[in-house]
Amino acid sequence: MKKNSTLKNINLSKYTAVAGAIIATGAVNSQIVYTDVTPDAVIDKNTVGGFPLDFDGDATVDLGFAVISTNSAGTYSGISYDFQGSYALAGAPVAGNGIMGTSVATGTGTTAGMSFTPTVMNAGDAILTAAPAVFGGAPITSNAAVLGFSYSFNIPAYTSYSADGLGGAFIGAVDKFIGAKFTIGAAVHYGWVRLDVAADASTITIKDHAYNTVADETMNAGQMLNLQNVAIDNKVSIKTQLDQATINVTPDLIGGTFSILNMAGQEVKSVVISDINTTITYEGLKTGIYLLSANFESGSTNRKIYVK
């Protein structure tokens with residue numbers, strides 16, 4: 001049973017412009033299992049046990065998220081000080097599980113070690129299964145991955161020694177993704193988690209997550225469906241307005257191009273499709289009929305427009 005979440009076989013709300021077309025094809029299968037966390041799970045320092053995430057519903061916690069707050073005050077050599085800090089953390093309690101990131105060697109000799117930084121992912125980014133990908137993040141009680149942190153150190157008698165700071169790859173993140181791997185039995189599976197981290201690291205908001213049921217097979221951040229064998233026209237929706245056009249695509253098509261061609265077939269404007277929604281403006285175009293063209297490695301689709 002999922003904790004703090006409602007399991008839906010497929011939730012297409014993030015891609016409403018193309019959902020109807022995909023359903024009509026009947027091409028969707030159960031390779032990707034998607035879970036919408038409803039309502040969003042907001043984790044703060046008072047959330048007992050943090051947020052245990054169980055990708056496949058087998059009652060095994062695959063990843064954990066928590067916010068830890070530290071407050072201390074005291075004296076050193078008769079001088080008073082106080083320290084307050086907040087840490088947004090992600091961890092992998094099971095050996096072999098982890099979140100995607102990078103590791104960097106730190107220190108030398110007896111102080112030598114490794115520093116792990118989780119990778120901030122956008123929709124459509126590939127969850128890598130081979131080098132240079134590193135999957136880390138020990139249990140939250142031991143060397144967990146720091147998503148974000150903030151602190152305030154204050155020496156009232158010497159204000160020049162007071163300091164504030166914040167950092168972490170996910171600090172202030174909104175609708176960003178963590179790539180993850182976990183095991184089902186002895187098999188490795190890949191998945192993603194979409195989340196926000198407050199600008200002061202005081203909260204983590206878990207919104208949804210998904211995983212690939214096929215062992216050792218990668219997927220993209222934000223991918224909710226198995227999109228193989230779905231026609232390009234059923235993955236794309238183009239909405240036109242007086243001064244611009246917006247293309248909505250499924251995550252696997254991110255990286256394509258969205259262009260405007262004149263009736264002689266000449267390209268007059270072009271943008272890279274960098275997200276599921278990408279806009280191109282008509283600025284600088286003369287009145288007339290043009291062709292909107294969306295091009296991808298797997299195919300293309302076109303639509304005529306009239307620019308006033």
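Visitor: How many salt bridges does the structure hold?
Guide: Four, going by this predicted model.

Visitor: OK, which residue does R194 meet in a salt bridge at 2.5 Å?
Guide: That's D175, with 2.5 Å from N to O. R194 sits in strand β12 (residues 187-197) and D175 in the loop between β10 (163-167) and β11 (176-184), so the pair ties together parts that are 19 residues apart in sequence.

Visitor: Is R194 buried or exposed?
Guide: R194 is buried, at 11% relative accessibility. D175 is partly exposed, at 34%.

Visitor: And what about D208, how far apart are its closest N and O atoms with R194?
Guide: They're 2.9 Å apart, and that pair is a salt bridge too. It links distant parts of the chain, with D208 in strand β13 (residues 204-212) and R194 in strand β12, 14 residues apart. D208 has 0% relative accessibility, so it counts as buried, the cut-off being under 20%.

Visitor: Switching over to K207: which residue does it form a salt bridge with?
Guide: D196, where the closest N and O atoms are 2.9 Å apart. Here K207 is in strand β13 and D196 in strand β12, 11 residues apart.

Visitor: Where do those two fall, buried or exposed?
Guide: K207 is buried at 11% relative accessibility, and D196 is buried as well, at 15%.

Visitor: Which residues do the shared partners join into one network?
Guide: D175, R194, D196, K207 and D208.

Notes
Residues are numbered from 1 along each chain as its sequence is written. This is a predicted model: local features need pLDDT of at least 70, side-chain atom pairs count only at pLDDT 80 or more; totals for chains, interfaces and linings use all residues. Side-chain values use heavy atoms; hydrogens and water are left out. A salt bridge is a side-chain nitrogen of Lys or Arg within 4 Å of a carboxyl oxygen of Asp or Glu. Helices (H or I, at least four residues) and strands (E, at least two) are DSSP runs, numbered from the N terminus. Buried means under 20% relative accessible area, exposed over 50%, partly exposed in between (1.4 Å probe, protein chains only).
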